[in-house]
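This report describes selected helices, their packing and some backbone details of the structure shown below.

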Amino acid sequence: MEKMKAVVSRGANEYSIETVDIPRPGYGEVLCRVRSVAICGSDPGLFHGKYEERSWPPAYPFIFGHEWAGEVVELGEGVANLKVGDRVAGEAHSGCGICENCRQGFYTLCLNYGKNESGHRHYGFTSNGAYAEYGVFTEKSCEVMPDQVSFDEATMCDTGGVALQSLRIANVASCETVVVYGPGPIGNLAMQIARTKGAAAIMVGRGHRLEIAKKSGADYVVNYEACDPVEEVRKITNGRGADVAIEAAGTQASVHNAIKSVKKNGRVSLIALTKEKDIYVPVNDIVCDQIRVNGSRANPNVSKEVLQLLEQGKIDTKHLITHTFDLEEIRHAIEVFENRMDGAMKVVIHP
Ligand SMILES: [Zn+2]
Ligand SMILES: [Zn+2]
């Protein structure tokens, strides 16, 4: 059996490069050569064992990593839409395809979540992922990439997709104003994609990442350390409030401020997981101003559009990828990403 190098986790913080068997594609699956895989905000916590109680991973040994792009090298039985040599970007979620939610297109909310026997996969969380030279993925979790898009850029298909989904859920229209709380990679791309839809974008944050948001095209940037961001958003919108708020920071203050920043009948999408135990929301504002607050989970049915935006140069992810490392440097790469060393935004690994 042929072998490959992979980052194998054997417990909380116990991970290293091992030589393991190359997995075999089953029915409806393809074997891919992973070319680039980006470190997700959730990856350090996964490596540290912080999500074990959520059964992420369900058992050790395990291979994390889900923001990947690469080439199809072998087809399993029944694969009809991909061929060997296709360059593809991966999606983390692959639904069972049969439950009510999957059939309605909501496959990131699959009712058979975590049940591998149903066909459900959540790569890098409940099924082995992409911190490896090769990986097996379902055909439906692979999106063929345009030639002009690089593997590194395509790793942002996941991050960009999460951003796009939050805007879709909020039904952002042209001429609207979108305020984004949290200038990390997801928030930055939510801001960029909102602008491609003809909306004006305000980014709320602080420090270096706010500077990057400015370079990425934010119409307004608001430093919450220097002012009251809610008042500032009201000033920018002539007292009315933003049409939509995207909350990508996950703190008590940012959730509260995001809801307070929208106009009457405004919409709020929450995309950040929070480290806090519970977050207070201003219920009276939500009720009296009829504000629609939505959770937004992952990136269903958005990869094609994100790849097109990349192909057409309407969004730019190159300047968000601040560091690249080889697979062997995974520990250092996680450290650089987690501690935002030398202004790290997005860190990409080349297996
Ligand atoms: Zn991710
Ligand atoms: Zn399902």
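At 46% relative accessibility, Asn301 counts as partly exposed, because buried means under 20% relative accessible area, exposed over 50%, and partly exposed in between (1.4 Å probe, protein chains only). Asn301 is found in the loop between strand E15 (292-295) and H10; helices (H or I, at least four residues) and strands (E, at least two) are DSSP runs, numbered from the N terminus. Although Asn301 is not a glycine, its phi is positive, at about 55°.

This is a predicted model, in which local features need pLDDT of at least 70 and side-chain atom pairs count only at pLDDT 80 or more, while totals for chains, interfaces and linings use all residues. Residues are numbered from 1 along each chain as its sequence is written, chains are lettered from A and ligands numbered from 1 in the order in which they are written, and side-chain values use heavy atoms, with hydrogens and water left out.

## The buried side of H10

Helix H10 comprises residues 303-311, and its buried residues are Ser303, Val306, Leu307, Leu309 and Leu310. They cover an arc of only 155° around the axis, which puts them on the same side of H10; the arc is that of the directions from the helix axis to the C-beta atoms. An α-helix has 3.6 residues a turn, so residues three or four places apart point the same way.

The cover over the buried residues of H10 includes strand E5 (87-90), strand E9 (142-144), helix H3 (151-154), helix H4 (156-169) and helix H5 (185-196), where contact means heavy atoms within 4.5 Å. Just after H10, Gly313 has a positive phi of about 70°.

H4 and H10 pack at an angle of about 110°, and their axes are 9 Å apart. Axes are lines fitted to C-alpha atoms, for helices over the stretch in contact, and angles run from 0 to 180 degrees between N-to-C directions. H4 and H10 are therefore roughly perpendicular to each other: angles under 35 degrees count as roughly parallel, over 145 as roughly antiparallel, 65 to 115 as roughly perpendicular and the rest as oblique. The crossing of H4 and H10 is right-handed; a crossing is left-handed if the near helix is turned anticlockwise from the far one by less than a right angle, and right-handed if clockwise. In this contact, Met156, Cys157, Gly160, Gly161, Leu164 and Arg168 of H4 meet Ser303, Glu305, Val306 and Leu307 of H10. The residues of the contact of H4 with H10 divide into 5 nonpolar, 3 polar and 2 charged; Ala, Val, Leu, Ile, Met, Phe, Trp, Tyr, Cys and Pro count as nonpolar, Asp, Glu, Lys and Arg as charged, and the others, Gly among them, as polar.

H4 also packs with H5, at an angle of about 60° and with axes 8 Å apart. H4 and H5 are therefore oblique to each other, and H4 passes H5 in a right-handed crossing. From H4, the contact is made by Met156, Thr159, Gly160, Val162, Ala163, Leu164 and Leu167, and from H5 by Pro185, Ile186, Leu189, Ala190, Ile193 and Ala194. By class, the contact of H4 with H5 has 11 nonpolar, 2 polar and no charged residues.

## Helix H6

His208 is found in helix H6, which spans residues 207-215. At 45% relative accessibility, His208 counts as partly exposed. His208 and Met345 are 137 residues apart in sequence, while their C-alpha atoms are 9.9 Å apart in space.

In H6, Arg209, Leu210, Ile212 and Ala213 are buried. They cover an arc of only 155° around the axis, which puts them on the same side of H6. The buried residues of H6 pack against H5, strand E11 (200-205) and strand E12 (220-223). Just after H6, Gly217 takes a positive phi of about 110°.

## Backbone details in two loops

Most residues other than glycine have a negative phi, and most peptide bonds are trans. Asn13 has a positive phi, near 65°, and is placed in the loop between strand E1 (3-11) and strand E2 (14-21). With a relative accessible area of 37%, Asn13 is partly exposed.

A cis peptide bond joins Trp56 and Pro57, with omega about 0°. Pro57 is in the loop between helix H1 (43-47) and strand E4 (67-75). Another cis peptide bond joins Tyr60 and Pro61, with omega about -5°, and Pro61 lies in the loop between H1 and E4.
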